[in-house]
2 protein chains.
Amino acid sequence: MPVGLSQPENLLSVKGVQLATVAAGIKKNGQEHDLVLITFEPDTVCAGVFTRNAFCAAPVTVAKNHLAQTSPRALLINSGNANAGTGARGLRDAEQGCVLVASAIGCADDEVLPFSTGVIGEDLPMDKIESGIKKLPAGLEEDAWAQAATAIMTTDTVAKACSRSLRIDNAEVTITGIAKGSGMIRPDMATMLAFIATDATVNREWLQQCLETAVNLSFNNITVDGDTSTNDACILAATGTSGSHMLDGSCDSSVEFQKAVNEVLIQLAQAIVRDGEGATKFVTVHVESAVNVAEAKQVAYTIAHSPLVKTALYASDPNWGRILAAAGRAGLDGLDINNVSIYLGDVCIVSKGGRDPAYEEALGQAVMSQDEISIRVVLNRGNEQATVWTTDLSYDYVKINAEYRS
Amino acid sequence: MPVGLSQPENLLSVKGVQLATVAAGIKKNGQEHDLVLITFEPDTVCAGVFTRNAFCAAPVTVAKNHLAQTSPRALLINSGNANAGTGARGLRDAEQGCVLVASAIGCADDEVLPFSTGVIGEDLPMDKIESGIKKLPAGLEEDAWAQAATAIMTTDTVAKACSRSLRIDNAEVTITGIAKGSGMIRPDMATMLAFIATDATVNREWLQQCLETAVNLSFNNITVDGDTSTNDACILAATGTSGSHMLDGSCDSSVEFQKAVNEVLIQLAQAIVRDGEGATKFVTVHVESAVNVAEAKQVAYTIAHSPLVKTALYASDPNWGRILAAAGRAGLDGLDINNVSIYLGDVCIVSKGGRDPAYEEALGQAVMSQDEISIRVVLNRGNEQATVWTTDLSYDYVKINAEYRS
């Protein structure tokens with residue numbers, strides 16, 4: 001059961017963006033929608049961030065190439081098969097998907113970006129994808145964000161989508177995004193696909209910068225299991241159909257727009273964690289008073305990845321020794337444990353490197369029994385900080401991942 | 001159930017080393033032996049390797065200090081309580097244990113080294129430890145290695161001990177060791193205690209070097225859950241009672257001795273993995289043709305720590321895409337995936353960065369169905385290699401760690 005997450009509501013359509021979904025039969029049961037087409041008006045500008053996994057999937061390679069050459073007119077996304085570890089054939093299949101879409105909607109092949117998510121190492125069923133693509137254009141509509149959010153799911157249990165609107169000049173500007181992912185989640189873009197569109201008018205270079213800023217505050221701060229996927233991608237498209245002036249980072253409106261994009265991405269990123277495989281807790285790990293952001297993240301991730309911390313979270317057990325041990329092994333040069341404090345929620349559990357004198361088990365237990373838990377580590381050696389969002393490690397995590405292919 | 005591991009047999013006593021155990025009531029059920037005394041003849045030399053966790057436990061601090069100053073005459077080990085995260089009181093308690101032993105057997109306080117393993121963050125029950133220490137000297141005998149191996153266990157399900165003997169000059173030299181640990185296991189010395197003694201005559205400086213060499217080939221190559229403990233310690237004591245000449249690394253006998261010590265430590269290290277919490281598989285991850293040992297270990301540990309790889313191992317699922325993805329995200333500079341091959345046992349599953357053309361699922365399935373599995377990654381970019389031993393991630397891992405304190 002996802003933690004504090006329900007079906008998305010109040011999704012706003014984005015002028016100039018249309019979506020369609022179809023059950024192409026890529027997923028095993030054959031009934032679920034598993035192929036999505038998203039089209040953009042001409043003159044839409046597009047930014048992208050992709051996985052840093054050296055074994056990146058074929059569609060990632062193709063999407064990066066196409067994005068570098070053109071302004072995309074369409075995204076083709078399939079769930080149920082990642083087209084990763086598929087060698088030269090995988091690249092041909094990803095390109096072929098673009099050719100089919102280009103011919104169906106009338107654009108250049110490299111104006112289409114392909115995305116895939118699902119099982120690694122199996123070839124794409126191109127016959128099914130070809131049949132699916134033929135059906136998609138007829139179904140395109142502005143109001144299909146929720147359907148698209150559902151069709152890109154794999155082990156997700158809830159669709160992830162949200163919208164924000166803001167006023168720029170006299171125009172109402174909308175930002176709507178969808179995302180998927182619940183396993184293989186960690187920084188450097190996890191098995192996570194996110195597609196965000198806005199009708200704002202944005203300078204292409206600044207759009208890329210805006211997306212990278214938002215990703216660093218959102219998707220790059222989440223972890224479920226420490227595994228970085230081969231397929232991650234996050235796309236931000238700006239159609240310019242709202243009629244606002246061009247945002248390039250230099251005006252107050254740019255600041256407001258950046259803030260709204262951050263909010264959308266943070267909400268989507270947290271939704272991925274809330275729906276983390278087997279998650280029963282939503283956990284915020286905050287590390288402060290660090291020398292730099294890198295070491296703050298290092299400590300936060302060491303805690304967030306520790307199976308012992310995660311199983312204690314699952315058990316609602318205030319076994320703070322495991323948090324302390326994880327912080328201690330994060331590998332910080334010259335860390336003086338006598339300066340370190342650790343809080344569970346507002347409860348100080350460790351001060352001066354040992355159990356806080358005022359700490360009582362009942363206080364920790366009260367925090368750990370909640371669904372949403374914050375762990376705060378104060379290093380007392382600098383002024384930087386970092387926050388990471390994660391989940392616990394439950395029986396269901398093992399069950400889901402031991403049975404994924406069966 | 002441990003994987004391919006049974007109760008230790010044929011343990012050899014070591015002349016000059018005596019052991020005693022008692023049920024001091026530190027462990028919750030009150031019946032199990034949980035306090036161990038090991039004494040050494042005068043002139044025994046001793047080497048030690050300790051945890052690198054910045055939050056090291058009180059007994060580790062005390063043992064390191066004492067070892068730096070003297071030649072130990074006794075080791076005091078308790079299970080059931082780690083005396084970690086216990087601040088100034090923890091240090092006083094660890095020192096007090098040494099004082100009590102020194103008075104009971106007649107040696108200096110700093111000739112005693114303390115060791116603790118168990119729950120973090122609770123004060124040692126010094127009254128129980130004091131009563132226990134009073135009973136220990138009367139029980140000392142040369143032939144109690146098996147009892148000691150059992151008394152230091154925490155979540156271990158099987159005692160871990162082994163012996164080797166070799167001939168040096170005309171003397172029969174014995175090496176016997178015991179170890180404990182099954183959770184919080186990874187390099188840099190995990191929640192792992194190991195005590196090894198030999199009756200060889202060894203130069204103290206070389207003994208330390210010999211121990212570090214062996215630890216790097218054994219305990220530093222194992223991982224169960226990636227958590228490094230606050231309490232790890234490995235001690236190698238040489239009594240010199242066998243009458244052999246002094247080993248200092250310069251003779252053939254030193255080479256033979258090093259080899260035997262390596263064998264003892266590797267057997268103990270592998271026993272810890274075989275008894276890993278919830279383990280149903282014993283997994284060897286071997287990475288070869290790396291530029292250096294560090295990057296080989298980096299890839300091996302990324303695979304060994306991946307929850308997705310570990311759950312696939314548990315499910316006996318040849319989901320090689322997860323291995324490939326883990327290798328890809330290990331962070332190697334300029335890794336060319338088109339040169340990488342991956343083997344499951346003798347079966348080539350990935351070649352040139354994609355599924356090997358000859359690979360069939362049935363071949364991978366046959367390997368994965370075994371209890372002992374080897375994963376071999378060939379990077380094809382250098383001449384160095386590394387091996388890591390690990391386990392799968394099962395329901396029982398979660399169960400054990402979610403219920404440890406209940």
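Modeller: B:Gly177 has B:Ile196 of β8(B) opposite it. The two strands concerned, β7 (residues 171-180) and β8 (residues 193-198) of chain B, are antiparallel and share six bridges. Strands count as paired when DSSP finds at least two bridges between them. Strands are DSSP runs of E with at least two residues, helices are runs of H or I with at least four, and both are numbered from the N terminus. Before going further: this is a predicted model, where local features need pLDDT of at least 70 and side-chain atom pairs count only at pLDDT 80 or more, while totals for chains, interfaces and linings use all residues. Residues are numbered from 1 along each chain as its sequence is written, and chains are lettered from A and ligands numbered from 1 in the order in which they are written.

The pair belongs to an open sheet of five strands in chain B, with mixed pairing and the order β3-β10-β8-β7-β6. Its edges are β3 (45-50) and β6 (160-168) of chain B; each has a single partner strand, so one side of each lacks a neighbour in the sheet. From one strand to the next the twist averages 10°. Helix α5 (residues 204-217) of chain B packs on this sheet, where it touches β3 and β10 (233-238) of chain B, and its direction makes about 35° with that of β3(B). Such angles run from 0 to 180 degrees between N-to-C directions, and the axes are lines fitted to C-alpha atoms, for helices over the stretch in contact. Contact between two residues requires their C-beta atoms, placed from the backbone, to lie within 7 Å. Helix α6 (residues 252-274) of chain B also packs on the sheet, touching β6, β7 and β8 of chain B. Its direction makes about 170° with that of β6(B).

A further sheet in chain B is open as well, with seven strands in the order β9-β16-β11-β15-β12-β13-β14 and mixed pairing. Here β9 (222-223) and β14 of chain B are at the edges with a single partner strand each, so one side of each has no neighbour in the sheet. Within this sheet, β11 (residues 282-290) and β16 (residues 384-391) of chain B pair in the antiparallel sense over seven bridges. B:Val287 has B:Ala386 in β16(B) as its bridge partner. Helix α6(B) packs on this sheet too, touching β9, β11 and β16 of chain B at about 45° to the direction of β16(B).

Three bridges link β12 (residues 341-344) and β13 (residues 347-351) of chain B, which are antiparallel. Two residues lie between them, and B:Gly345 in the turn has a positive phi of about 60°. The bridge partner of B:Ile342 is B:Val350 in β13(B). B:Val350 also stands opposite B:Arg355 in β14(B). β13(B) and β14(B) run antiparallel and are joined by two bridges; two residues separate the strands of this hairpin, and B:Lys352 takes a positive phi near 50°. Helix α10 (residues 361-368) of chain B lies across β12, β13 and β15 (372-378) of chain B, at about 120° to β13(B).

β14(B) leads on to the other chain. The contact between the chains takes 52 residues from chain B and 52 residues from chain A. On the side of chain B that touches chain A, the elements giving two or more residues are α8 (307-314), α9 (320-328), β14 (354-355) and α11 (395-403) of chain B. α9(B) has the largest share, seven residues. By class, this side has 23 nonpolar, 20 polar and nine charged residues. Ala, Val, Leu, Ile, Met, Phe, Trp, Tyr, Cys and Pro count as nonpolar, Asp, Glu, Lys and Arg as charged, and the others, Gly among them, as polar.
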